Amino acid sequence: MASIRERAGSAPALAPAESIENVPEHVAIIMDGNGRWAASRGLPRLAGHEAGTSNIRRITQAAGALGIRYLTLWAFSAENWSRPQEEVSGIVRILGETLDRELDELHRQGAQLRHIGSLEGLPTELRNAVLAAIELTRENDKLVLTLAFDYSGRQELLAAIREIVAAGIPPGEIDEATIDRYLFTHDLPDPDLIIRTSGEFRLSNFLVWQSAYSELYFSPVLWPEFGPRDLEEAVRDFSRRERRFGNVSAEAARMTRERA
Ligand code: IPE
Ligand code: IPE
Ligand code: MG
C-alpha cells in the first residue's frame with residue numbers, strides 16, 4: 001500500500017486543461033476497490049463504500065477541470081445484487097444520502113446527471129429522487145455525468161436486441177447504428193478511455209458494445225484514494241497513445257506511399 005501512496009503522491013499537480021493535448025471526450029471509470037480499502041484499515045466494507053462515494057465529488061470536479069465532457073461512473077453492477085444483503089442495502093442507502101448531499105453542488109457546477117442501468121431495484125422514493133435529479137439538471141452543459149447503477153453490459157445488449165425484435169425491424173436493416181440507438185447510451189459517445197482502479201485487469205461486463213475501441217487504463221490505486229492527480233496521469237497516458245481503429249499509423253502510411 002505504501003508504494004501505491006508514494007506513486008500517487010509523486011504525480012505532478014493538476015495542470016490546467018490547455019496543457020494537455022488530446023483530452024478524451026468521454027472517460028468511464030470502474031470504481032473498484034472500496035472493500036479492500038476498508039479491509040486494509042480494519043473497517044467494515046460499508047466504510048469503504050462511504051469513502052468511495054465521497055470520492056466522486058473531487059473526481060467529477062477534476063474531470064471538468066481537465067476538459068472532459070462526459071464522465072461515466074460505474075457504481076453498482078447487475079451482478080453486485082448477489083453480495084450479502086447488508087452490503088447491498090448499505091450501498092443503496094449511501095446512494096440516497098449522496099444524492100441528497102451532492103445534488104445542489106452538482107447542479108451549481110453545471111453537471112448534467114444521467115443514469116444507465118435499471119432503477120427498478122431501488123425503493124420508490126429513491127428512484128423518484130434520481131429521476132428528479134436527472135430532470136433538474138437536464139439543461140446543464142458543463143459536464144455530462146452518467147451514473148451506471150444496476151448496470152451490466154450484456155443485460156443492456158439483451159434488452160436492446162429484444163426491443164429491436166419487438167419493433168419488427170427487418171434483419172437486413174439492422175446495422176451498428178441501430179444497436180447504438182437501442183442501448184442505454186444512445187445519447188453518449190463511446191468511451192474514449194476506460195479506467196479501472198484497484199489493480200484488476202478486467203471489464204467485468206461494463207459497456208460491452210461501447211468499449212470496442214476504448215483505450216484501457218488500469219490503476220493499482222484503490223478507488224477511495226484515486227485522486228485528481230491519478231486522473232490526470234491517466235489522461236496524460238491516453239493523450240500519448242495512437243488510436244488506429246484498424247488502420248495503420250499516419251507515419252506508416254506515408255512510408256508505404258513513398259516506397260510505392
Ligand atoms: C467497488 O468496490 C464498488 C462496488 C462494486 C459496489 P468493491 O466493493 O468491489 O471493492 P473490492 O473489489 O471488494 O475491494
Ligand atoms: C465491478 O466491480 C463493478 C463496479 C465497480 C461497480 P466488481 O468488484 O463487482 O467486479 P469483479 O467481481 O471483481 O469482477
Ligand atoms: Mg471489486
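Is Ser-198 buried or exposed, and what is its relative accessible area?

**View 1. Ser-198, a residue with positive phi.** Ser-198 is buried, with a relative accessible area of 6%, where buried means under 20% relative accessible area, exposed over 50% and partly exposed in between, for a 1.4 Å probe and protein chains only. Although Ser-198 is not a glycine, its phi is positive, about 80 degrees. Most residues other than glycine have a negative phi.

**View 2. Leu-207, with a positive phi as well.** The phi of Leu-207, which is not a glycine either, is about 35 degrees, and Leu-207 is buried, with a relative accessible area of 1%.

**View 3. Polar atoms beside ligand 2.** Oxygen atoms of ligand 2 have polar side-chain atoms of the protein beside them: one of Arg-83 at 3.3 Å, one of Arg-202 at 2.7 Å and one of Ser-204 at 2.6 Å. These are polar contacts, that is, pairs of N or O atoms within 3.5 Å; within protein, one must be able to donate a hydrogen and the other to accept it, and residues adjacent in sequence count only if both atoms are side-chain atoms.

**Notes on the model.** Residues are numbered from 1 along each chain as its sequence is written, while chains are lettered from A and ligands numbered from 1 in the order in which they are written. In this predicted model local features need pLDDT of at least 70, side-chain atom pairs count only at pLDDT 80 or more, and totals for chains, interfaces and linings use all residues, while side-chain values use heavy atoms, with hydrogens and water left out.
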